[in-house]
Amino acid sequence: MDIRSRVDSAESYFRFLNTVRYRLWSDIYIEYVGGSLTLPESAVLVHPMWRDQLISETPCRRQRSFQNPPPAYESCAASTIWGYACPSATSLQTDHRFPWALGGPTSPGNAVYLCRDHNQMKGHDVHLIAWTVDNFAWLHDEVEEVRRLLRL
Ligand SMILES: [Zn+2]
């Protein structure tokens, strides 16, 4: 997946996010189940804004920190994001591939191991992540979790 298509996917995510704020989650969910949403568009269904409607019912926000340290055999995954190998030998940190701030879960399927510098560079930016089914294998379970929270 080249950088241009990654950026285009991120833009379609933000474009869709911008159009859904006055719509019902359930209407978007119907489109998702019907298969008419692209992958970037589908990720809007787990955006924290839907959970924030329930803030009085769920005072504890979702767990943010990964509990386990990165495995010793891992190395900085900069190449999967920026396309070049990272020479850093510093200790790795576990980050959310799809940002926690946008609804990405704290689960192994959404974990990416980065050195401290690349972790800071990544931040919440989704313009360089690969919007592939592999990277979003967690999405369906998270969408269903939001549906359960919304009691739909
Ligand atoms: Zn690095």
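**Figure 1. Arg-4 in helix H1 of the predicted model.** Arg-4 is found in helix H1, which covers residues 3-19. Helices (H or I, at least four residues) and strands (E, at least two) are DSSP runs, numbered from the N terminus. This is a predicted model, in which local features need pLDDT of at least 70 and side-chain atom pairs count only at pLDDT 80 or more, while totals for chains, interfaces and linings use all residues. Residues are numbered from 1 along each chain as its sequence is written. A residue is buried if 20 or more other C-beta atoms lie within 10 Å of its own, exposed if 12 or fewer, and partly exposed in between, with C-beta atoms placed from the backbone. A distance of 33 Å separates the C-alpha atoms of Arg-4 and Arg-147, which are 143 residues apart along the chain.

**Figure 2. The chain as a whole.** Seven helices and two strands make up the secondary structure of the chain. Their order along the sequence is α-α-α-α-α-β-β-α-α. The chain is as compact as a globular protein of 152 residues, because its radius of gyration of 16 Å is close to the 15 Å of the globule rule. This radius is taken over C-alpha atoms, and the rule is 2.2 Å times the number of residues to the power 0.38. The C-alpha trace spans about 45 × 35 × 20 Å along its principal axes. Of the 152 residues, 24% are buried. Two residues are in contact if their C-beta atoms, placed from the backbone, lie within 7 Å. Among contacts with a separation of 6 or more, 72% join residues 24 or more positions apart.

**Figure 3. The pairing of strands E1 and E2.** Strands E1 (residues 92-96) and E2 run antiparallel and are joined by five bridges. Two strands pair if DSSP finds at least two bridges between them. Leu-92 stands opposite Cys-115 of E2, and His-96 has Ala-111 of E2 as its bridge partner. E1 is largely enclosed by the rest of the structure, because four of its five residues are buried. E2, residues 111-115, is mostly covered, again with four of five residues buried.

**Figure 4. The largest nonpolar core and the surroundings of Cys-76.** A nonpolar core is a set of buried Ala, Val, Leu, Ile, Met, Phe, Trp, Tyr and Cys residues joined through C-beta atoms within 7 Å. The largest such core has 23 residues, of which Ala-43, Leu-45, Cys-76, Ala-77, Tyr-113 and Leu-114 touch the most other members. At least two residues each come from H2, helix H5 (78-81), E2 and H7. E2 gives the most to this core, with four residues. Leaving aside residues up to four places away in sequence, Cys-76 touches Cys-86, Ser-88, Leu-92, Tyr-113, Leu-114, Cys-115 and His-118. In soluble globular proteins, nonpolar side chains tend to be buried together.

Figure 5. Leu-139, Glu-142 and Val-143 are buried in helix H7, residues 139-149. These residues lie on the same side of H7 because they cover an arc of only 100 degrees around the axis. The arc is that of the directions from the helix axis to the C-beta atoms. An α-helix has 3.6 residues a turn, so residues three or four places apart point the same way. His-140, Asp-141, Glu-144 and Arg-148 are exposed on the other side of H7. The cover over the buried residues of H7 includes helix H2 (25-33) and helix H3 (39-42).

**Figure 6. Arg-151 in the segment after H7.** Arg-151 lies in the segment that follows H7. Its phi is near 55 degrees, a positive value in a residue other than glycine. Most residues other than glycine have a negative phi. Arg-151 counts as exposed because it has 7 C-beta neighbours inside 10 Å.

Figure 7. Leu-128 is placed in the loop between helix H6 (116-122) and H7. With 15 C-beta neighbours inside 10 Å, Leu-128 counts as partly exposed. Leu-128 and Val-7 are 121 residues apart in sequence, yet 6.3 Å apart in space, C-alpha to C-alpha. Not counting residues up to four places away in sequence, Leu-128 touches Ile-3, Arg-6, Ile-81 and Trp-82. Thr-80 lies in helix H5 and counts as partly exposed, with 15 C-beta neighbours inside 10 Å. The C-alpha atoms of Thr-80 and Ile-129 are 7.7 Å apart, and these residues are 49 residues apart along the chain.
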